[in-house]
Amino acid sequence: MFRQSMIAVAAVAALGVVGTANAADVAAGEALVKQVCSACHDPSMWKGKSAAQIDALIHEVVAGKVTHPQKLTLSDAQMADIAAYWACVAKK
Ligand code: HEC
């Protein structure tokens, strides 16, 4: 019984890390944006959008659902990092 509930807690914690932008690494996102995205994207483009909304948009681009001049190949973690960074700078 005790073991089972420990496993459940661990599973919820793991989901939380993947599912929220809180766990994202803003510094890693900044580095990626500066390397790849900032040639075309100004952070002001994301004004008023939350990290979750930006993350969803990047997912659509990576999945090929949104027309984009350049094919993007990013991991879930990289997308979360970029979204966290853009949400952070767009607020200013
Ligand atoms: C070669 C230029 C270029 C680069 C590099 C680039 N983008 Fe884009 N991106 C665009 C253009 C152009 C659009 C379409 C903008 C529009 O619809 O007004 C776009 C659209 C998007 C959208 C959809 C926005 C929306 O509101 O639907 C997302 C998300 C996005 N880019 C993310 C990224 C990310 C993340 C990177 C870096 C990993 C990146 N882009 C690199 C040019 C670029």
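Mentor: Start with the terms. Axes are lines fitted to C-alpha atoms, for helices over the stretch in contact, and angles run from 0 to 180 degrees between N-to-C directions. Helices are DSSP runs (H or I, at least four residues), numbered from the N terminus. Residues are numbered from 1 along each chain as its sequence is written. The model is predicted: local features need pLDDT of at least 70, side-chain atom pairs count only at pLDDT 80 or more, and totals for chains, interfaces and linings use all residues.

Now the pair. Helix H3 spans residues 51-62, helix H4 residues 76-90, and their axes come within 8 Å. They cross at roughly 135°. H3 and H4 are therefore oblique to each other. Oblique is what remains after under 35 degrees (roughly parallel), over 145 (roughly antiparallel) and 65 to 115 (roughly perpendicular).

Who makes the contact? From H3 come Ala-51, Ile-54, Asp-55, Ile-58, His-59 and Val-62. From H4 come Met-79, Ala-80, Ile-82, Ala-83, Ala-84, Trp-86 and Ala-87. Contact means C-beta atoms, placed from the backbone, within 7 Å. By class, these residues divide into 11 nonpolar, 1 polar and 1 charged. Ala, Val, Leu, Ile, Met, Phe, Trp, Tyr, Cys and Pro count as nonpolar, Asp, Glu, Lys and Arg as charged, and the others, Gly among them, as polar.

Stay on H4, where Asp-81 lies. Asp-81 is buried (20 or more other C-beta atoms within 10 Å), with 26. Leaving out residues up to four places away in sequence, Asp-81 touches Ala-24, Asp-25, Ala-28, Gly-29 and Leu-32. Glu-30 sits 51 residues from Asp-81 along the chain, yet their C-alpha atoms are separated by 7.8 Å.

Definitions and conventions. Helices (H or I, at least four residues) and strands (E, at least two) are DSSP runs, numbered from the N terminus. Two residues are in contact if their C-beta atoms, placed from the backbone, lie within 7 Å. A residue is buried if 20 or more other C-beta atoms lie within 10 Å of its own, exposed if 12 or fewer, and partly exposed in between; C-beta atoms are placed from the backbone.
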